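Me: I'd like to learn how to read features off a model. Can we go through one together?

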Amino acid sequence: MTERADAAFRRFVAAERDDLLAEALRLIGDPDRAEDAVQRALARTRWEWGRRGADPATTVADALHAAATGRGDGQVLESLDEGPPPTPPARWRLDADAAATDALARARRQRRTRTAGLAVAAAVTVAAAALVVPRLGTEPPDPPGDEQPAADVPVLTEPTRGSLADDAGFVEAARRADWGPLTAPPVEERRVVLATDTPDGRAVLLAGTVDEDVRGVWLTGPVGAPPDRLSPYVPQELGPYRPASLVVGGPGPATLVVVIAPGDEVEVSPRLQVGPRGTVGRTYEPVPADGGLAVTSVPTTTGGAGTSVRVLRDGQPVHRAGAPAPDLPAGPADVPPLDPLRPASAAPADRLVAEALADIAVPLGAEPAELLPQLLWSGTLPMPEVPGSAVVVVGRSPGGGLVVTTRAGQLGSTGTGRTVPCGVHTPPGTTDVAGLVVARVCDLSSPEAEPSDAGRWLVVTAPAPATAAAVLDEGGGVLATVPLPDGGGAALLPLGARDVRTLDAAGRALAEVPISAVATEPFGDYGTGEVR
């Protein structure tokens, strides 16, 4: 840990701690526990400080919610923005300088502990943290947990689940059904895991093994259809111990089918929530499960399903992921043309705007038009051969917060080509959209190659009178300057870039914001599968 980085971290603490304390108090309600959660989050942020792609603002927000909820799976389990916020104390125990000193000390202890090899597994890490990270309060530390990781239990098994399980003729016909583009195992080695009718259609799940590869296919269609009239859908993720889920029907009300191990419990979150203060989270509710199967109603939109499924075994979460909805129309919903709030030299491709809106509308369980979308800025990326382009789109969530998404792509005149999400952030709903400053990294590295500096583009947009943006390193040194002729601009991301400072025509500083990290997961907090 360098003195220069420590100094930058202290400036970060001084600027962000008050907002972090307010958020922690809202989540927890108790001032002492809230302050301790902030200190743990700051220590984690300093630990990650300077790592490539790490955004301090994102790191501290994620760490704070993990500390506040006592969870490590990245979820925010809260009742968003209900009731008046708790009253803060007249004085916090630590001032900003003491808080930074405490967080630095915690981070150093964590580094020494990690280097010594004490944290060798996730469960051990949790126990070790309770021993080496001191608490600000006077309560004794919690005893180390004695919970053991939930055992792997086969899921893709017979006997067949579902309302059609006793129809021997249907089950045998399903076993012999075509697997579409997938090479199927021999008929005698196939398993009919599920055969059921739902309010929105018929669903069958087949599984088997080919060359030691566990694979399977869903068959869906109208109630009453024989197996050879059902449409195959090959799931992207399937495993012998992995719960399998599918949305049948839609758009509008649809049916969620979840195949689990007998005895597992299922909880469902219908959509992501963004509250008026920009807080982001999901609320999960239990749904009935019987004999390894859960069936429940969920909402969908023309663009997809915002549903996330969480599976518990022996009371512990073992799986959290979204559910595919193959019955919904392919591609994003049509979006009427949006006039940019900031000058644009060329109109953006309709596909780029539609996909940017779908990125946020689907997780929020809303149609794009319901978000009252605005095109903040669009512009070009000076890429060789096929020019690139980027858009920054703002929507208003059903909960009142703003949702700002950036997307970039290389599209030909017919709209063909590739696009990539660059990330989403959620300012409070009271934020003036016209005054937003956005600094995002869009990775358009060649799909045939590993991500590289030659493919990472810094996209910046800012309101007048900004005419340029200085790209700063960790110590505040200027690495490059990006012209903003039309309220925005783009350049290859300089190595070591951390922040952006907008400048007027005379070179005077206007605003300074961190460069948000490259998006590594889609917006929506669906989960990525196994939870450990």
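Me: Which cysteines form a disulfide, and how far apart are their sulfur atoms?

Reply: The general idea: a disulfide is a pair of cysteine sulfur atoms within 2.5 Å. Here Cys-422 and Cys-442 form one, with their sulfur atoms 2.1 Å apart. The pair links distant parts of the chain, 20 residues apart. Cys-422 is in strand E18 (residues 417-425) and Cys-442 in strand E19 (residues 438-443). A word on sources: this is a predicted model, where local features need pLDDT of at least 70, side-chain atom pairs count only at pLDDT 80 or more, and totals for chains, interfaces and linings use all residues. Residues are numbered from 1 along each chain as its sequence is written, and side-chain values use heavy atoms, with hydrogens and water left out.

Me: Why is the disulfide of Cys-422 and Cys-442 right-handed?

Reply: Look at the torsion about the S-S bond. For Cys-422 and Cys-442 that torsion is about 115 degrees, so the disulfide is right-handed.

Me: Is Cys-422 buried or exposed?

Reply: Buried means under 20% relative accessible area, exposed over 50%, and partly exposed in between (1.4 Å probe, protein chains only). Cys-422 has 0% relative accessibility, so it counts as buried. Cys-442 is also buried, at 0%.

Me: Where is Ala-434 found?

Reply: Ala-434 is in the loop between E18 and E19. At 47% relative accessibility, Ala-434 counts as partly exposed. For contacts, the test is heavy atoms within 4.5 Å. Not counting residues up to four places away in sequence, Ala-434 touches Arg-342 and Pro-463.

Me: How many helices and strands does the protein have?

Reply: Helices (H or I, at least four residues) and strands (E, at least two) are DSSP runs, numbered from the N terminus. The protein has seven helices and 26 strands. Buried residues make up 47% of its 532 residues.
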